Amino acid sequence: MSLELLAMKNVVCRYQGHEALSDVTFSVTAGDYLGIVGPNGSGKSTLIRAALGLLPPDAGQVLLFGVEAASFRQWRRLGYLPQSMRQLNPAFPATVEEVVRLGLLPHKRFPRRVGGRRDTPAVERALEALGIAGIRRKLIGELSGGQQQRALLARAIVGRPELLILDEPTTALDPETRERFYTLLEELHREGGTTIILVTHDTGSIGSMASRLIYVDRKIIFDGTLDDFCHSAEMTAFFGEASQHLICHRH
Amino acid sequence: MTIVEMFQYGFIQRALLAGSLIAVLCAVLGVFLVLRRLSLIGDGLAHVAFGSVALALFVNITPLAVTIAAIPLVMLSSLGILKLMERAKLFGDAAVGIVASLGIAVGVLLTGLSGGFSVDLFSYLFGNILSVSREEVIIAALLFVLIIAAVSLYYNELLAVTFDEDLARTSGVRTGRINMILVLLTSLIVVLAMKVAGIMLVSSLMVLPAVTALQIASGFRTALLLAAGCALLSVISGIIASFGLNIPAGATIILINFLLFLCAFLGRRRLRHG
């Protein structure tokens, strides 16, 4: 039986009196490339925050690598890329390299020094992989949205995590950068064996990449392979042919 | 009197030493606080320090005891600000506002009960760096070692939490502990800085060197060093100017800090716009 990297069991999250997530149950096993899609306000980000232990669920259980999310400590196994950092202070004085190095913190013990000679190969690899070695000394706040996202993805992958969770990472990217970003994710998945959970609005692209799809609208409406999704009469009835086609046509 | 002669006075030496140590600490912590949008925490805690000083003067204790008595009260208040932010889900400015008003209210009440504002209370309100005692220099030196050691040991965690708290948590940083360390260190330095800049101006020592550094820094470590440099420059030149021109030291230090900010701001604009 494959290792479950993430398991959510009957998870309920309430926000200001209403249920943002209702009875959500699914699991992610090693090697999955899971796409999570859903309309605005459907609870996708809440789901990710609950999965990471950032938001304790009101009911149900969240397990990361078999451990309750609230007491999970093996952060070196996990990389996280949040939604584009809209609140990032443009005057924040950290360089791209300083930000990327922070991704090695889970690998360190107190006092947690990062950026020493031992860390150089990992940092270089991440900077090169994302094509941002040339801007390593630039301040993160002065970069374009796309460059910031690449820096944050480099930070997320620098420690070579087994599970990579990305919350709408392509919102701030232009189409060309978005395609490059997806290609890189595919390489990480295929060649690096990284398990990926990708939350996205970009339903057209997710169809061509993910091995499994979850459609969320406060609860899980669909969980299965893309083939199932594309050939399901039930889903056609639910989404309408046009929406279903949008996800499936690139597949 | 020449500058060399001026430096021979014991009170000038103490003022320069204590002022430099305190200003550097304020500036270093200030960079983290400004970036966390907690710029006014220094101001809020200084208001609590006012309440603590009023209480200490009400029970008629020595100036050194006033400083020592204020430390636990201000530290408790800093934790109160954190709890208000975490538990009551208040924004930092609102939490600081509540604690600051409480501090001022207690201070004014006790001042009234003890017969109005005294010379002692005024020296805390507006600062009197030239009256720093030998014991206060020793406390400043000890705190300098403690705070610089803490910032060095927790540097990457402080940077991670300042950058983004959620990202820090998913990197295994105990954000609650780091936040607590930051506000406790801030409260220590606020109490000590009362004598340098006065309760009314203490937060300026934290905010101004930090925002000056943020205008021109090319990295996080550089920002900390630049802030410390600005603070040091302002304290030394401020004390010299204040002694030479017979003007209040605290206010002079702050005005020099503002001038440094203005230079950094205009210099940056000029660089950007050619």
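**Exercise 1. Determine the volume of the second largest cavity and describe its lining.**

*Solution.* Step 1: the second largest cavity has a volume of about 80 Å³. The model is predicted; local features need pLDDT of at least 70, side-chain atom pairs count only at pLDDT 80 or more, and totals for chains, interfaces and linings use all residues. Residues are numbered from 1 along each chain as its sequence is written, chains are lettered from A and ligands numbered from 1 in the order in which they are written, and side-chain values use heavy atoms, with hydrogens and water left out.

Step 1: a cavity is a set of points, on a 1 Å grid over the protein atoms alone, where a 1.4 Å probe fits but cannot get out, and lining residues have an atom within 4 Å of a point. Grid points are joined across faces, edges and corners, and a volume is the space filled by probe spheres set on the points.

Step 2: the residues that line the second largest cavity include B:A18, B:I22, B:Y124, B:E136 and B:K195. Two or more residues each come from α2 (10–35), α7 and α10 (175–197) of chain B, where helices (H or I, at least four residues) and strands (E, at least two) are DSSP runs numbered from the N terminus. The largest share, 4 residues, belongs to α10(B).

Step 3: by class, this lining has 8 nonpolar, 1 polar and 2 charged residues. Ala, Val, Leu, Ile, Met, Phe, Trp, Tyr, Cys and Pro count as nonpolar, Asp, Glu, Lys and Arg as charged, and the others, Gly among them, as polar.

**Exercise 2. State how many cavities the rule counts, and characterise the largest cavity.**

*Solution.* Step 1: the count is 4 cavities of 30 Å³ or more. The largest cavity holds about 100 Å³ of space.

Step 1: of its 16 lining residues, A:L78, A:G79, A:G103, A:P106 and A:A156 are the closest to the centre.

Step 2: β6 (78–81) and α4 (145–157) of chain A each supply at least two lining residues, and β6(A) provides the largest share with 3 residues. The lining divides into 7 nonpolar, 6 polar and 3 charged residues.

**Exercise 3. Describe the second largest pocket and identify the element that gives the most to its lining.**

*Solution.* Step 1: a pocket is an open set of grid points with protein on both sides within 12 Å along at least five of seven lines. The second largest pocket contains about 690 Å³ of space.

Step 1: its lining comprises 33 residues, and A:F72, A:R73, A:W75, B:V173 and B:R174 lie nearest the centre. β4 (59–64) of chain A and α10 of chain B are the elements that give two or more residues; α10(B) gives the most, with 4 residues.

Step 2: the lining consists of 16 nonpolar, 9 polar and 8 charged residues.
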